[in-house]
Amino acid sequence: MINTLIGDVGHASVIVAFVAAIVASYAYFMASRKQTEESGDTSWRTLARSAFYVHGFAVLAIIFCLFNIIYEHRYEYYYAWSHSSNHLPVHYMISCFWEGQEGSFLLWLFWHVALGVVLMNSGKKNKTWEAPVMAIFSFVQIFIASMILGVVIGDFKLGSSPFILMRDFMADAPVFKMDPNFVPTDGNGLNPLLQNYWMVIHPPTLFLGYAASLVPFAFAIAGLWKGKFTEWIRPALPWSHFAAVTLGIGIMMGAYWAYETLNFGGYWNWDPVENAVYIPWLVLVGGIHTMIAYRRSKQGLRASFILVITSFILILYATFLTRSGILGNASVHSFTDLGLSGQLFTYMAAFTVLAIALLVYNWKKIPATDKELSTYNAEFWVFIGAAVLCLAAFQVLATTSIPVYNAFLGFIGIESNAALPADQIAHYTKFQLWAGVAIAILTGTGQLLWWKKANKNSFKDAITMPLMLTLLFSSLVIILSNKFDIFPFKLDNPVYILLFVVSLFAVFANFSIILGLLQKKITLSGGAVAHIGIALMLIGILFSSGYSNIISQNNSGLLYSREFPDEINRDNILLWRNTPVQMDKFKVSYRGQFQEVKGVPGYVNKELLFQTDDAYTAIARGKIKVEDKVYYETGDTLELISPENTYYQVAYESPEGEFLLYPRAQVNPNMGLLASPDIKHFVNKDLYTHVSTVPDPNEEKDWGELQEYEVMAGDTIVLNDYIAIFNGIEQIEQVPGVQMAEGDVAVQAAMKILGERKEYHAHPVLMIKDQMMGRVPEVIEDLGVRITFLNIDTENHRFKIGVNVTQKDYIILKAMEKPFVNILWIGTIIMSIGFVMAIVRRNQEGSGGEGRAPKAKKERKAQVA
Amino acid sequence: MKKSHIIGIIVIALAIGIIMTTAGDASTYVSFGDAIEMAEDGNSTKVHVVGRLKKDEQGHIVGMQYDPMLDPNYFAFTLVDTNRFEQRVVYYNPKPQDFERSEQVVITGSMQQDVFVADKILLKCPSKYVEKEIQQNTAAL
């Protein structure tokens with residue numbers, strides 16, 4: 001039965017949210033007028049607040065309705081049908097939310113509401129900001145709510161509703177013409193690549209970062225609008241930190257997800273979707289630096305305005321890029337086009353024009369100093385740092401926008417065939433590597449100048465120790481890696497050496513600052529901690545990407561190698577089942593296909609599972625035990641967690657011991673082979689392994705001709721080069737997957753086959769069911785044989801066995817080493833800690849109100865000391 | 001001249017440098033004919049080519065060569081570009097699994113001798129893009 005109520009409630013809530021946002025925006029606008037403020041009239045503000053709360057509750061109602069539709073498997077709704085399925089676990093139902101564009105807009109709306117409520121309630125002391133800031137907040141909400149409005153007026157479609165019914169979405173489908181109340185029984189399911197725990201938390205974090213970047217923007221615009229050109233910095237600063245850290249963590253979560261789930265062999269692919277978030281993050285971090293410089297020396301106010309506004313506009317641009325479909329061929333994972341590009345463009349253009357107009361109009365009024373900064377002035381280096389960050393952002397932006405230039409030129413009638421660089425990694429690295437070098441140098445020297453008194457001699461004193469440590473430590477690493485074989489790389493590339501040395505210097509310089517602050521005021525050291533994190537991330541990226549090493553090189557170069565023998569990397573090797581191959585210092589062998597079974601830790605060999613008609617259940621063919629603990633007995637029914645995924649057991653043997661990896665793959669009917677790596681973590685490197693190709697499981701196996709053998713109990717035969725012993729037969733009561741009735745008889749043959757690694761037991765079954773002869777052959781995938789029990793000659797005690805042979809199972813595998821990738825993750829965590837420390841500190845400063853001045857003085861004193 | 005002006009000039013110069021390099025690095029969508037011409041001129045820049053797989057009258061793909069037993073890192077096929085020019089393409093990687101089902105293929109690489117050596121293959125599969133049809137099928141189940 002179609003439940004239209006829940007969708008109607010949801011759709012009505014969207015409309016309420018949209019209207020309430022308009023009311024809140026207008027009322028806050030009225031409340032922020034000078035005459036309203038001066039008259040002490042709070043009625044507009046009260047109205048605005050109520051409207052914003054109504055808006056907030058409406059957003060919650062939309063979320064509730066949409067989740068209910070997914071949770072209750074209401075497939076009459078397109079959203080549930082296209083993003084969910086019956087077997088989807090609850091935690092992935094949350095991910096369904098943001099697989100679709102509408103749900104991710106909803107998430108964005110939600111975070112704005114949450115932050116808006118915080119802002120309304122936290123600014124108790126500083127009421128003056130609430131009205132203008134919230135006016136901008138509500139104004140943004142109008143635009144985002146309009147994206148999911150789903151209202152059609154004539155030919156004009158405003159937004160795409162998540163509550164559209166299947167029958168309305170595809171009104172042409174014959175099934176709905178026959179029966180308008182038809183409800184599909186199962187959904188299309190969530191994209192298997194998104195079925196990963198990181199995908200449950202990565203999008204909310206990223207969108208919280210998106211939402212948080214609106215706060216400094218709103219303060220900046222409110223400052224321009226109300227003529228408070230300097231006051232906005234203080235409340236905006238902790239929020240800028242918050243936005244930068246959530247965005248940064250969100251980006252890195254995405255990177256880690258890509259590392260773990262996708263198989264391009266790394267964490268960053270310079271895909272436009274990744275770049276789209278990286279660009280505003282860089283600019284926002286640049287903005288934080290100019291704001292902090294302004295707080296100390298009253299310089300850089302205009303730059304702060306520009307950078308804060310730009311970072312928000314770049315977030316809108318990112319939204320436009322990933323959602324409008326403009327990237328087309330250029331990106332593998334942007335959203336599908338919902339026909340919202342016009343609306344998205346309007347959203348972006350409205351705020352760009354508004355912000356730039358306000359800025360230009362007030363430009364002359366923004367205080368600026370003509371004071372020249374000396375070279376030993378920390379602010380000078382902070383501004384250079386911000387400039388480097390912006391240039392780095394500009395470079396990524398210039399390249400990522402290539403599809404946009406094409407579209408724009410096409411729009412004005414010029415045909416353009418520009419494409420993204422063929423080797424994107426080389427292209428971006430060429431610039432970003434040097435940006436990294438510059439940033440590392442600047443964080444070191446800039447921080448030292450910032451905290452030590454800025455003159456030549458004290459600076460020399462401060463820099464000596466970190467420099468000496470850097471030289472000592474880096475020469476040690478360079479010598480050890482080149483002359484001795486203790487690292488998984490040889491640090492001999494001069495550019496890499498440079499990046500390594502300057503990053504080390506940044507670590508030591510910032511560490512010396514922390515040591516200095518330890519005795520004074522450790523809470524001030526957030527900046528130093530964050531900078532250490534960044535420097536460690538640079539080191540981690542340098543080693544893990546610069547010295548990423550493919551160890552599955554296939555040098556056996558066979559038939560085709562004549563063509564271009566030298567230039568081609570042969571990165572994949574073929575592994576036959578149970579045939580070890582030497583790879584680097586490992587002896588690698590592929591040992592079989594495994595599955596995840598509910599209630600059993602690790603993976604269970606498919607040979608132990610008898611598949612039933614329901615893909616999600618199987619019957620145990622033997623005891624299922626892990627480390628002596630028996631989880632299931634023979635014949636038990638098991639629940640499979642994800643039958644579409646196969647885990648390929650790959651054993652790595654080396655003199656130091658053996659370990660197993662289970663790279664995963666599934667052949668998806670819509671998306672082809674989806675392979676995810678399995679990663680072995682060592683202290684100094686990760687070993688990253690994924691399958692590149694597997695034999696198509698949907699293709700019928702090509703069994704060779706049937707060979708018949710007549711045997712007696714105890715006979716030995718040779719099958720496909722393996723020795724097999726026929727032990728005899730026994731009667732059995734049950735045949736897995738077959739309903740035995742009275743009068744049915746089943747016997748199984750017991751055979752033992754001696755494989756390379758172990759003995760295999762085969763039990764082909766011969767049965768008489770309903771007066772008919774039935775046979776259940778036994779397939780031993782490891783050996784590539786199928787054994788059928790053909791007949792019994794009861795008089796002579798002879799048995800007829802049929803054997804078919806096929807090609808053995810194989811996988812094609814790629815494996816690589818990622819040295820010191822751990823340093824990248826550790827650096828990320830340290831950077832986040834530093835940011836959080838800075839938020840706490842800036843927040844105290846911000847709420848300190850007039851108590852700011854003496855504190856700032858104290859800071860200075862600390863620096864003097 | 002003030003220091004800040006000098007810095008400003010440096011920043012602008014760097015920005016211009018970035019734009020120039022980006023323009024230089026940017027690849028182009030071309031036909032095989034252009035790619036061959038480029039190779040003959042000694043220009044080894046990598047290009048993008050959009051095309052379809054060569055098929056016979058029955059719709060079977062022809063000229064696809066992949067035998068993992070012989071060499072898992074060698075995959076060759078024939079691509080027909082928008083000018084209906086047929087070209088042999090070699091890809092030194094395993095064959096992408098859903099290759100046969102692709103509607104359109106975008107390859108990146110360059111001509112080397114008489115074959116196009118691709119280092120990236122992007123497939124456009126019908127299911128991903130013409131979602132509506134598939135939906136009808138499933139809905140009708």
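Visitor: Which handedness does the crossing of α18(A) and α19(A) have?
Guide: This is a predicted model: local features need pLDDT of at least 70, side-chain atom pairs count only at pLDDT 80 or more, and totals for chains, interfaces and linings use all residues. Residues are numbered from 1 along each chain as its sequence is written, with chains lettered from A and ligands numbered from 1 in the order written. A crossing counts as left-handed if the near helix is turned anticlockwise from the far one by less than a right angle, and right-handed if clockwise. For α18(A) and α19(A), the crossing is right-handed.

Visitor: Why is α18(A) called oblique to α19(A)?
Guide: Angles under 35 degrees count as roughly parallel, over 145 as roughly antiparallel, 65 to 115 as roughly perpendicular and the rest as oblique. Helix α18 (residues 456–483) and helix α19 (residues 494–518) of chain A have axes 9 Å apart and pack at about 140°. That angle makes the pair oblique.

Visitor: How many residues of chain B are in contact with chain A?
Guide: Contact means C-beta atoms, placed from the backbone, within 7 Å. On the chain A side there are 47 residues. On the chain B side there are 44.

Visitor: Which element gives the largest share of the side of chain B that touches chain A?
Guide: Elements giving two or more residues include β1 (27–30) and β6 (104–112) of chain B. The largest share is 9 residues, from α1(B).

Visitor: Which residue of β1(B) stands opposite A418(A)?
Guide: Strands pair if DSSP finds at least two bridges between them. Strand β3 (residues 418–419) of chain A and β1(B) pair in the antiparallel sense over 2 bridges. Opposite A418(A) stands T28(B).

Terms used: Axes are lines fitted to C-alpha atoms, for helices over the stretch in contact, and angles run from 0 to 180 degrees between N-to-C directions. Helices (H or I, at least four residues) and strands (E, at least two) are DSSP runs, numbered from the N terminus. Two residues are in contact if their C-beta atoms, placed from the backbone, lie within 7 Å.
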